[in-house]
Amino acid sequence: MFINNENFKTPAYILEEDKLRKNCELLAKVSEKSGAKVLLALKGFAFSGAMKIVGEYLNGCTCSGLWEAKFAKEFMDKEIHTFSPAFKEDEMDEIIGLSHHIIFNSLHQFNLFKEKAKAKSLGLRCNPEYSLAPKELYNPCGRYSRLGILSKDLENVNLSEVDGLHFHALCEESADSLEVVLNAFKAKFGKWIKKIKWVNFGGGHHITKNGYNTQKLIALCKKFSDKFGVQVYLEPGEAVGWQTGVLVASVIDIVENEKKIAILDTSSEAHMPDTIIMPYTSEVLNARILSTREGEQISSLNEGEKAYLLAGNTCLAGDVMGEYAFKKELNRGDKIAFLDQIHYSIVKNTTFNGVVLPNLMLYTKDKKLEMVRKFSYEDYAKRN
């Protein structure tokens, strides 16, 4: 397996082309059968070396501002849909030039820019006031949310220049969750839907996860589109990059303090931030999770196994991935592969503590390991 190849430096993200294509093929099938257009949400997956591959299957990208719109243009150059909680005036001309759809978060911003952007398809983000997000940090419809316009604020407003409505209320959710949110959206905004051209169902659809009911998703999209006469859009990010690659690190040193601790050339805080934010404990190739980074026991050590705390190479005391059971002893220089670390990782990387940014690599369908982007000291120096 490519993980054991000694010819690449760590840390490195390695994206597997075959797995990415498998996800994209499923998303393209959903699009074909439902009539919905599927966009890649760059906030969850923005691997420059894979954009052309994704572009073979999906309709384009959804962007969160100017830089993502420029990225979408440079690396995929298909449909570009741009939303921001608040667009800055000095960036708006360039955003308009790049985008096909522009979604506004407030009526003030819509009125401010609608004349300048009238050649584009303009939309409003709505707050259906209902979400099944697993925690408040990920709930865009919670109390005091800044995201989306309430239905009461659209009463008696002239929406003749609005082409579409957008909502986003899911986070790693099922088709059943979408159905519930969709009912809430229709209850709040139904009176306006037949007057527009498109509705964007946002992201958070865990379409490529095992067990996801794609047939129900297809039926929901098709029924909605047929009933209201609108084009439906879906914008998954995580579902595109889900289980498509790994973060490979090397064991730099092994120390002991009641337990054996392997210090790696990567960092949970800088390179796998969602393991801290969500939180969750990443699976590791050829190892079992014994306990989480917080010390919660998951399983027990079996006879013959060796236990190691895996920890990052920063000064943050809590830069720990968890405790794992290995079938044999770890040695300095061994490679460790954290599974499913392509989505919501690269896009959130930092150079905290001067830790080296992991290189980006592609394991092609021809079983070749290719360097996509190599990071250096200059990348750290230029951003500080």
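How do the residues of the lining of the largest cavity divide into nonpolar, polar and charged? They divide into four nonpolar, three polar and one charged. The legends below describe close-up views of a predicted model.

**Figure 1. The largest cavity and its lining.** The structure holds one cavity of 30 Å³ or more, and the volume of the largest cavity is about 30 Å³. Its lining is made by Ser268, Met272, Thr275, Ser282, Arg293, Val320, Met321 and Tyr324. Strand β14 (residues 320–326) gives the largest share of this lining, three residues.

**Figure 2. The largest pocket.** This pocket has a volume of about 1,300 Å³. Its lining has 50 residues, and those nearest the centre are Lys43, Tyr138, His168, Cys171 and Tyr344. At least two lining residues come from each of β3 (60–63), α8 (238–241) and α10 (274–277). By class, 19 residues of the lining are nonpolar, 18 are polar and 13 are charged.

**Figure 3. The second largest pocket.** The volume here is about 750 Å³. Of the 17 lining residues, Trp67, Phe71, Ile346, Val347 and Arg373 lie nearest the centre of the pocket. Helix α3 (residues 66–75) supplies the largest share of the lining, four residues. Ten residues of this lining are nonpolar, two are polar and five are charged.

Figure 4. Tyr130, Leu132 and Val180 make a nonpolar surface patch of about 210 Å². Leu132 sits in the loop between β6 (121–125) and β7 (164–166). Leu132 has a relative accessible area of 31%, so it counts as partly exposed.

Technical notes: Residues are numbered from 1 along each chain as its sequence is written. This is a predicted model: local features need pLDDT of at least 70, side-chain atom pairs count only at pLDDT 80 or more; totals for chains, interfaces and linings use all residues. Side-chain values use heavy atoms; hydrogens and water are left out. Patches are made of residues with over 30% relative accessible area and no salt bridge: like charges are joined within 9 Å, nonpolar side chains (Val, Leu, Ile, Met, Phe, Trp, Tyr) within 5 Å. Accessible areas come from the Shrake-Rupley method with a 1.4 Å probe; for residues, only the protein chains shown count as cover. A salt bridge is a side-chain nitrogen of Lys or Arg within 4 Å of a carboxyl oxygen of Asp or Glu. Buried means under 20% relative accessible area, exposed over 50%, partly exposed in between (1.4 Å probe, protein chains only). On a 1 Å grid over the protein atoms alone, a cavity is a set of points where a 1.4 Å probe fits but cannot get out, and a pocket is an open set with protein on both sides within 12 Å along at least five of seven lines; lining residues have an atom within 4 Å of a point. Grid points are joined across faces, edges and corners, and a volume is the space filled by probe spheres set on the points. Ala, Val, Leu, Ile, Met, Phe, Trp, Tyr, Cys and Pro count as nonpolar, Asp, Glu, Lys and Arg as charged, and the others, Gly among them, as polar.
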